[in-house]
Amino acid sequence: MEIIRSNFKSNLHKVYQAIEEADFFAIDGEFSGISDGPSVTALTNGFDTPEERSSPDVKFVCQSSSIDFLASQGFDFNKVFRNGIPYLNQEEERQLREQYDEKRSQANGAGALAYVSPNTSKCPVTIPEDQKKFIDQVVEKIEDLLQSEESKNLDLEPCTGFQRKLIYQTLSWKYPKGIHVETLETEKKERYIVISKVDEEERKRREQEKHAKEQEELNDAVGFSRVIHAIANSGKLVIGHNMLLDVMHTVHQFYCPLPADLNEFKEMTTCVFPRLLDTKLMASTQPFKDIINNTSLAELEKRLKETPFNPPKVESAEGFPSYDTASEQLHEAGYDAYITGLCFISMANYLGSFLSPPKIHVSARSKLIEPFFNKLFLMRVMDIPYLNLEGPDLQPKRDHVLHVTFPKEWKTSDLYQLFSAFGNIQISWIDDTSAFVSLSQPEQVQIAVNTSKYAESYRIQTYAEYVGKKQEEKQIKRKWTEDGWKEADKKRLNTQCVSYTLQNHYYRTNSFTATSAAGKRNLSPTQEETGLEDRISGEISDTELEQTDSCAESLSEGRKKAKKLKRMKKELSPAGSISGSPATLFEVPDTW
């Protein structure tokens, strides 16, 4: 079944039901990735570390070769924008819900609290002189409406957002009962206020209808994210083929931006999807490695139809058309996800043949497949086959690898000529002026380094030296950044706490309440605070200053402790857990 914007809502219950009944999910997003460098090798280097390969790169770019590829596969670009299902990530959803809550608070008579200074307590806004006549005219019209026996509704002229705020605020205290206030839009998208004369029961009924409509609009805006959240919250196995980019884009688009730190990314990913399985890695690992020569999805699907594998028989539910593998539809995300699921079933069932007695069907919950959980295949990395989401990654020995810097004019042939005396070499470009060169014999490394000591146009260093310098630079940069943020944060917290202390002192000294003080406000928050400091400078006690210091310390510590919990537990709801310890019959190797 194809679900697009027009039929998404009406079929969402079927999607939820399918998620509830499924044993596992197969996904594919057709995220092939694009390069903004001179070549693919500039994007993915053979000696990347997992940190470098997974680093976030937030851009919106269009690459002609990727567009050409998608077009050649029949990709309908118009369909994406015309029929694509909307979605929000969790932060966008939170902000939207807050906006709806604020609108509701205005409609329910709490509009006086809508105008809030970030540094003071909530209080009503003073009506400016140039707006008093406008508000008086509105009140007059409402009085006429209430006195009239014929008129039931009053449509005010379109006005600015600030004027609507003033109207809501005024009416909330002047007419707490007897009227219903609502903002509507004209055909030209101009906003205006409609006032209806109603009894209390009718007012509550209209508010409930409005609230239900707002919730429906909000859910429509959240859109496809609801499906991803349902899959994540199910805690069930999610399968993909070469799925690192699929996972990264899914987390980024439907939950929150990817963190810069690799370990935080791993923690975030397993929080969203507690069980992932990459069929490309599975097919590249024993006991499949020796009997599967090509792990590309199309070739893997064909190989798994042959002995010793038994392809599953697929029957579609009534009313749901099925893909036919006899007529390939490769690079259509739905079809690729479908055959990824078939590949998984075939390989999982093959593992059952090693049991005694053999087992024909192996479920997605079997301990036989647990060794393949949460390990994502890494493309074009020579000696790190997968990203381990549940622990440290493999640390390969790269004592045969050199880091070389050279002029921008150099080509691959120049590097081959430079290292011609060292036999077979392998080159992995980093950028226009640097590359990794792996030698066939580690003992040749120091000889190569020594030959460059007196060279003017190029420099050679060992891989260990390169990593050491890079880590040193990273630590210096991190320390500078952390120190800078700590200093800025300390200043902000101290200023904030001084502001609170000053306000408390001022209110205690002058016996002012937030409401009475707000009645005379005509300055910006910054001006008010500056004036306040000037008025009571030198009048703060040592006790209050000590309270300010402790406030800064507690806020700083609290911010550190809450940062991770806020990101991982509040924004990302836990989606299940992995049961049991991994089976020992098949192991993903520590060395490749």
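This is a predicted model: local features need pLDDT of at least 70, side-chain atom pairs count only at pLDDT 80 or more; totals for chains, interfaces and linings use all residues.
The angle in question is about 50°, and the two axes are 11 Å apart where H7 (residues 129-147) packs with H8 (residues 161-174). The crossing of H7 past H8 is right-handed. On the H7 side, the contact is built from Gln131, Phe134, Ile135, Val138, Val139 and Ile142. H8 answers with Phe162, Gln163, Leu166, Ile167, Thr170, Leu171 and Lys174.

Strands of a sheet pair through backbone hydrogen bonds, in either a parallel or an antiparallel manner. Here 3 strands, ordered S1-S5-S6, make up an open sheet with parallel pairing. The edges are taken by S1 (24-26) and S6 (276-278); each has a single partner strand, so one side of each lacks a neighbour in the sheet. From one strand to the next, the twist averages 25°.

S5 (residues 237-240) runs parallel to S6 and is joined to it by 3 bridges. Among the residues involved, Val238 has Leu276 of S6 as its bridge partner. The sheet also has a helix packed on it: H15 (residues 333-351) touches S1, S5 and S6. The direction of H15 makes about 130° with that of S1.

How values were computed: Residues are numbered from 1 along each chain as its sequence is written. Side-chain values use heavy atoms; hydrogens and water are left out. Axes are lines fitted to C-alpha atoms, for helices over the stretch in contact, and angles run from 0 to 180 degrees between N-to-C directions. Helices (H or I, at least four residues) and strands (E, at least two) are DSSP runs, numbered from the N terminus. A crossing is left-handed if the near helix is turned anticlockwise from the far one by less than a right angle, and right-handed if clockwise. Contact means heavy atoms within 4.5 Å. Two strands pair if DSSP finds at least two bridges between them.
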